[in-house]
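Here are my notes for you on this structure, in the order I would go through it. Have the viewer open and click along as you read.

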Amino acid sequence: MKDEDRYKLYFGPYNPPRVRRGWRLFDEIHGTVVTGYFSDGLITWPTVGIRGRRSLVLCGDLVKAVRRESAPAVSHWWGVSISVVSRWRKALGVPRLNEGTRLLLKARWKELAPLRVWEKAIRKASDPVMRTRQARRRRRLGLPARKNVRQWTPQEDALLGTMKDRQLGQKLGCTVAVIARRRLSLGIPPFRKTNFHVGLPTISPAKLWARRKALRLNQATVAKRSGISQYSNLELGIQRHLPPETIERLAIALCCRKEDILLKHAPVQRAVPDDSLLGKMPDGKLAKKWGISIDRVNWHRKRLGIPSFRSQYAKIPDKSLLGTIPDTELAKKWRVPTLRVCRWRARLGIPAFEPYPKVPDDSLLGTQSDWKLAKKWGISVHTVIGRRQRLKILSFKSQRSKIPDESLLGTEMDKVLAKKWGLTWAIVQQRRLKLGIPSYKSSHQPHIPDKLLGTMSDEALAAKLGLASSGSVSWRRKKLGVPSFIDSNRVVISPGKLLACRKHAGLTQKQVATRAGLSLSFYCVMERGRRKMTLKSSAERFARVLHCRVEDFARPLLAGRTKRS
């Protein structure tokens with residue numbers, strides 16, 4: 001099947017959306033996306049502007065093509081793989097056999113159907129069992145036996161295809177239909193005035209299919225045994241010729257002779273008229289010029305050891321232009337694929353063209369903030385950052401955050417040193433903690449007598465020692481596990497007894513708190529037992545409201561040491 005028929009677009013034309021790089025489009029899979037560069041397929045299409053591997057934006061006419069055209073056609077024209085088209089079809093809910101696929105299979109069947117039907121008819125006609133059945137049926141129906149059936153000799157069979165059917169019919173004394181029927185039954189092509197020679201052995205798809213079905217094998221098993229990965233192309237008739245050693249492996253895999261899967265008379269192929277033109281033009285142009293297949297030209301050229309036209313004449317037109325403009329524009333200018341321009345540039349080690357503006361002066365990078373330099377030069381901040389990182393230059397902030405003298409860390413407070421050096425307090429603190437240097441406060445902490453801890457409140461002890469706050473006293477007492485000093489004016493509330501007194505009085509929590517002059521949250525905490533100690537004055541307020549004594553729901557505490565706080 002020709003490529004123009006295999007990759008035909010039945011419901012076109014298809015045009016790409018008119019967008020620019022950075023615009024937004026709605027993708028059927030990813031939603032709203034930012035467009036990037038255009039693809040290099042036969043139909044250029046915008047890609048998703050993300051890092052790494054780029055994918056086409058599934059929108060517009062591409063959605064229409066995926067829904068209606070065949071998968072090989074979409075893959076060929078948009079420059080993507082068959083698996084990507086299958087993923088698109090699955091996302092859009094397209095059935096396996098859509099309109100384009102049905103038309104492609106129909107065209108393929110029209111090409112293969114006559115050959116399969118004729119091979120089936122030849123197989124039945126040459127089968128002696130079928131001939132016997134036909135003779136018995138004619139006798140049973142009372143029909144006369146066939147008369148005047150021509151008996152062909154080997155010499156007459158050898159003349160078939162060597163001249164026109166009409167000339168051979170006049171020579172042998174029979175009609176053109178008889179000559180044509182005999183020639184087609186033997187698989188001999190008609191005569192043409194060209195130079196012919198017998199090519200590689202030709203596989204019969206019908207015989208191959210019948211032999212595999214007789215052995216009850218699937219295509220994967222036969223392909224594995226014979227070592228032919230594209231075995232399905234042989235049964236479909238896409239590939240008809242194989243080397244002799246490959247045919248022998250295939251016959252062993254099918255447990256038969258080579259003659260059982262080959263045509264009796266292999267069709268002849270045209271010879272290459274002029275070997276001097278091989279390699280000087282593309283194989284496709286030579287095949288079209290001579291009227292033969294591309295495979296024939298390719299096989300003959302490789303057999304003679306002649307390199308292809310692309311490897312000989314695919315030279316770089318102008319190396320000085322590589323990297324100065326985008327590869328897509330160079331490819332259009334030189335009329336070559338974009339991938340070839342990319343390979344030429346990569347082979348010479350030339351970096352790709354950068355559409356972004358360049359940094360005017362690299363010596364200023366790191367001396368000021370990236371934002372100020374970008375505003376000064378009139379370019380984006382990302383361009384300045386990328387250039388600075390490519391040159392491995394530290395940012396202005398990281399250079400400013402350097403500590404001038406690390407030996408001073410811990411000798412003074414971090415805030416004092418930060419103000420002295422013109423840095424932030426966090427930078428000085430992080431550097432000191434990273435080096436494991438204790439703070440100035442912890443290294444110059446005043447001495448607190450351990451004997452006095454717990455004998456009085458932390459505030460009173462801090463005032464006695466002349467400290468500004470009681471934090472250091474509280475931290476020292478908790479570190480040594482000394483319980484806090486308890487005042488005799490405090491009592492311990494029993495939550496259960498307080499609840500029973502309130503229920504007996506018939507009041508709610510809000511009413512008790514309001515009448516006592518305290519907050520509702522404070523009373524709820526005391527009744528639930530989350531806080532048990534409180535002042536004696538607060539307990540007396542509760543007792544007046546609940547019409548009971550303080551001893552009914554609380555017990556007094558004497559001054560002294562209690563459990564650890």
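1. **Ground rules.** This is a predicted model, where local features need pLDDT of at least 70, side-chain atom pairs count only at pLDDT 80 or more, and totals for chains, interfaces and linings use all residues. Numbering starts from 1 along each chain as its sequence is written, and side-chain values use heavy atoms, with hydrogens and water left out.

2. **Helix 3 and helix 4.** Helices here are DSSP runs (H or I, at least four residues), numbered from the N terminus. Axes are lines fitted to C-alpha atoms over the stretch in contact, with angles running from 0 to 180 degrees between N-to-C directions. On the helix 3 side you'll find A71, P72, V74 and S75, which meet I82, V85, W88 and R89 of helix 4; contact means heavy atoms within 4.5 Å. Sorted by class, that contact has six nonpolar, one polar and one charged residues. Nonpolar covers Ala, Val, Leu, Ile, Met, Phe, Trp, Tyr, Cys and Pro; charged covers Asp, Glu, Lys and Arg; the others, Gly among them, are polar.

3. **More on helix 3.** Which residues of helix 3 are buried? They are A71, A73, V74, S75 and W78, where buried means under 20% relative accessible area, exposed over 50%, and partly exposed in between (1.4 Å probe, protein chains only). After helix 3 comes G79, with a positive phi near 70 degrees.

4. **Helix 14 and helix 15.** Next, look at helix 14 (residues 283-290) and helix 15 (residues 294-303): their axes come within 8 Å and cross at roughly 120 degrees. Helix 14 brings D283, G284, L286, A287 and W290 to the contact, and helix 15 brings I294, V297, N298 and R301. Those residues split into five nonpolar, two polar and two charged.

5. **Aromatic pairs.** How many aromatic pairs does a search of the whole structure find? There are five. Rings of Phe, Tyr and Trp (its six-membered ring) pair if their centres lie within 6.5 Å; planes under 30 degrees apart are stacked, over 60 edge-to-face, and the rest tilted. W334 and W344 make a tilted pair, 6.1 Å centre to centre with 50 degrees between the planes. W334 is buried at 15% relative accessible area, and W344 is buried at 4%.

6. **An edge-to-face pair.** Y523 and F542 pair edge-to-face, at 5.3 Å centre to centre and 75 degrees between the planes. Y523 is in helix 29 (residues 520-528) and F542 in helix 30 (residues 536-546), 19 residues apart. Both Y523 and F542 are buried. Elsewhere, ring pairs join Y14, W45 and W78 into a cluster.

7. **A buried arginine.** Finally, find R432 in helix 23 (residues 425-435). Is R432 buried or exposed? R432 counts as buried because its relative accessible area is 6%. Leaving out residues up to four places away in sequence, R432 touches L409, G410, D414, I437, P438 and S439.

Methods: Helices (H or I, at least four residues) and strands (E, at least two) are DSSP runs, numbered from the N terminus.
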